[in-house]
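I opened this notebook to keep track of what I looked up in the structure. The entries follow the order in which I checked things.

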Amino acid sequence: MKAFLDEDFLLQNDTAKKLYHTYAEKMPIIDYHNHLFVKEIYEDKTYDSITEVWLGGDHYKWRAMRSVGVPEERITGSAEAFDKFSTWAKTVPQLFGNPLYHWTALELKRYFEISTPLTEKNAKEMYAICNEKLQRKDFSVRELIAKMNVEILCTTDDPADSLEYHKKLKEEESRFKVLPTFRPEKAMAIGKDGYKEYVEKLSEVSDVAIIDFDSLLSALTKRLEYFCEVGCRITDHSLESGIYKPTDKDEVDKILKNRLSGGQISSEEEIKFKGYLLIALAKEYHRKGLVMQLHIGAMRNNATRMFVALGADAGFDSQDDFSYARELSALLNEADKEGKLPKTVLYCLNPKDTQMLASMMGNFQDGSCPGKIQLGPAWWFLDHKSGMEAQMQALMEYGVFGTFIGMLTDSRSFLSFSRHEYFRRILCNLVGTCVENGEYPWDETFLGEMIQNICYYNVKKYLDE
């Protein structure tokens, strides 16, 4: 019986062990999509307790705790910090097969040098050890980032953001870069409450009077220019339900003017507006050499009662199951017709779409760079062992595996960088198993280089960093 979380964790054969320990283990991290708080990085925050850094904002853990019958008071409520931690400790052993079990163990080991699995029985001891270390200067946010060999972080930012802390960090921090990601979600959310107020805010920060589609695009382009000045290399969009319906500028102009004057729009008009705006932005991204991420398939805020109580991103989202292959193809094609489709990463949240996206990539590769269109790594509900393996298997079978840009955390926690280790071990085991099965020859030089490219070099080149 293998020991839990030993040095060969998840590495099931000698080839996998060789690839991981020789080539993957020490590679720097480029975390090109996360939701970390830049202000906390700049201020080099230290945490009062492991509860704050582990359970604050982590809706993955919140969902698990609710599933074992924990009342909201001990999850997002006003219960004492230790009570919340001990409740999480009681939950952890029940997470058999869940990536949260592995992530929890890896974070304890890599950050706090604790090899003992967390349980209700040792919760008090673990709490004390972690809290004592968190008060030390070498456990401040910046030190945690540096400790994990992170080279670049790409946060997620609204076009109206000042990027104040990104600029300050650029001047002060030399060990790693924190780059903004342009995410114009609120500018595209024309059907949501508060849209007019958001447009007014965007108009103010961009110094562009937004009265029609052209002025909206001008304001967003101006903010995009600003983001690029601060170091932006990547953009992000969440696509949910309808993605694209054919339209023209006159129609979207009318839709926008109607909405800004207080009118209501139909779901079809909303889809037309979002698709047309995304295509226009994609052409701007291409002009600036930026990467476009499309995260597809989240069904958000399903529990109205809990959304009213806790707001968004509280653990009440799930996978959608709509079909969108033809709409996505048409959307990408509209930008590609003029040769203005940017480098694009396609993510799916429902595993039924993995192979569809893997085949979709090939439609728009144009030889301008390796892997211009990417099948994004296993995301959110799929970033577990079998999800990562399925994503990589599809990429092997439908695309060119050696061009893959690797993993990200998509996290709000500064303790989540060990997820890159989790991915790298699964990657090396998958490749190692193919070699051991005689499906590919043992060419250490090539395979070692491929592993390092997937872990680090490919995304570095993809971002032009």
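Which residues does K84 touch, not counting residues up to four places away in sequence? I found T51, L55, M65, E73, R74, I75, T76, G77 and A79, where contact means heavy atoms within 4.5 Å.

Before going on, I noted that this is a predicted model, in which local features need pLDDT of at least 70, side-chain atom pairs count only at pLDDT 80 or more, and totals for chains, interfaces and linings use all residues. Residues are numbered from 1 along each chain as its sequence is written, and side-chain values use heavy atoms, with hydrogens and water left out.

**Entry: K84.** I placed K84 in helix 5, residues 81-91. Helices (H or I, at least four residues) and strands (E, at least two) are DSSP runs, numbered from the N terminus. K84 is buried but has no salt bridge. Buried means under 20% relative accessible area, exposed over 50% and partly exposed in between, with a 1.4 Å probe and protein chains only. A salt bridge is a side-chain nitrogen of Lys or Arg within 4 Å of a carboxyl oxygen of Asp or Glu. The nearest side chain of opposite charge to K84 is E73, 7.4 Å away; Lys and Arg count as positive, Asp and Glu as negative, and His and the chain ends are not counted.

Entry: I traced an open sheet of 5 strands in the order 4-5-6-9-10, with parallel pairing. Strand 4 (181-182) and strand 10 (373-375) are at the edges with a single partner strand each, so one side of each has no neighbour in the sheet. Two strands pair if DSSP finds at least two bridges between them.

I then looked at strand 6 (residues 291-296), where 6 of the 6 residues are buried, so the strand is largely enclosed by the rest of the structure. On one side are V291, Q293 and H295, and on the other M292, L294 and I296. Strand 6 has 6 parallel bridges with strand 5 (residues 234-239), and S238 stands opposite H295. Another 6 bridges join strand 6 to strand 9 (residues 343-348), also in parallel; here V291 stands opposite K343.

Strand 9 pairs with strand 10 over 3 bridges. Helix 17 (residues 354-363) packs on the sheet and touches strand 9 and strand 10, its direction making about 160° with that of strand 10. Axes are lines fitted to C-alpha atoms, for helices over the stretch in contact, and angles run from 0 to 180 degrees between N-to-C directions.

**Entry: salt bridges.** I noted a count of 40 salt bridges. Where does K343 of strand 9 find its partner? D464 forms a salt bridge with K343, the closest N and O atoms being 3.5 Å apart. D464 lies in the segment after helix 20 (444-462), so the pair ties together parts that are 121 residues apart in sequence. K343 is buried, at 13% relative accessible area, whereas D464 is partly exposed at 48%.

I also checked E421 and R425, whose closest N and O atoms are 2.8 Å apart in a salt bridge. Both lie in helix 19 (residues 418-436), 4 residues apart, about one turn of the helix. E421 is buried at 11% relative accessibility, and R425 is buried at 1%. Lastly, I wrote down a network of salt bridges that links R142, E143, E172, E173 and R175.
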